[in-house]
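Please keep the sequence and the coordinates at hand while reading.

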Amino acid sequence: MRLFLDANVLFSAAHNRQGNARALFRLVSGRGITLVASSYAVEEAVRNIHLKFPEYAAELASLLEGLVLGPEPAPALVSAARDCALPEKDVPILAAAIAARVDILVTGDRRHFGLLYRRSVHDVLILTPADALSRALDAVSPEGSGR
């Protein structure tokens, strides 16, 4: 299973060790789950952590070491992402998730992605961190129950 992490998920994972975003990082080790992000998402997360919680910059840097950077999206994918009526700053996130051929785009941005939650766009399911964690737990559980 491949999960694309939006900048807000990276940010949350760095400064909230007990949250769902951080739990995704704990879950992946040796379990067939790959965490993916784009350089755009990483740059946004780094910028925001330095502005709001600079004391967690090293924590974020450590988490980023375990990520796979996806490819830059082709113009056609950027155009397809624009068709979803997202604000321009979020278009590169969806386009990069599609380009990376992930299963799930994980974002906590309810205001901009909320209408797309639990829907697939170009074979990428868009979920909250809590829903993505639940899916990932189900995927790695031997019984399929995730618990």
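Glu72 is found in the loop between β3 and α5 (75–82), where helices (H or I, at least four residues) and strands (E, at least two) are DSSP runs numbered from the N terminus. With a relative accessible area of 59%, Glu72 is exposed; the terms used here are buried for under 20% relative accessible area, exposed for over 50% and partly exposed in between, with a 1.4 Å probe and protein chains only. Although Glu72 and Ala95 are 23 residues apart in sequence, their C-alpha atoms are 8.5 Å apart in space.

The model is a predicted one, in which local features need pLDDT of at least 70 and side-chain atom pairs count only at pLDDT 80 or more, whereas totals for chains, interfaces and linings use all residues. Residues are numbered from 1 along each chain as its sequence is written, and side-chain values use heavy atoms, with hydrogens and water left out.

After α6 comes Arg101, which has a positive phi near 55°.

Ser38 itself is located in the loop between β2 and α3 (39–52) and is buried, at a relative accessible area of 3%. If neighbours within four places in sequence are left aside, Ser38 is in contact (heavy atoms within 4.5 Å) with Phe4, Leu69, Ile93 and Ala96.

The individual pairings can now be followed. Strand β1 (residues 2–5) runs parallel to strand β2 (residues 34–37), with three bridges between them, and Arg2 has Thr34 in β2 as its bridge partner. Three bridges also link β4 and β6 in the parallel sense; here Ile104 is bridged to Leu125 of β6. By contrast, β5 and β6 run antiparallel and are joined by two bridges, with Val121 opposite Val124 in β6.

In a regular strand the side chains alternate between the two faces of the sheet. In β6 both faces are covered: Val124 and Ile126 lie on one side, Leu125 and Leu127 on the other, and all are buried.

The hairpin of β5 and β6 has two residues between the strands. His122 lies in the loop between β5 and β6 and has a positive phi of about 50° although it is not a glycine. His122 is partly exposed, with a relative accessible area of 47%. Asp123 lies in the loop between β5 and β6 as well; its phi is positive, about 70°, although it is not a glycine. At 71% relative accessibility, Asp123 is exposed.

Finally, the largest pocket has a volume of about 210 Å³. On a 1 Å grid over the protein atoms alone, a pocket is an open set of points where a 1.4 Å probe fits, with protein on both sides within 12 Å along at least five of seven lines, and lining residues have an atom within 4 Å of a point. Grid points are joined across faces, edges and corners, and a volume is the space filled by probe spheres set on the points. Of the 15 lining residues, Asn8, Glu44, Asn48, Lys89 and Asp109 are the closest to the centre of the pocket. Helices α1 (7–15), α3 and α7 (110–113) each supply at least two residues of the lining, and the largest share, four residues, comes from α1.

Note on methods
Two strands pair if DSSP finds at least two bridges between them.
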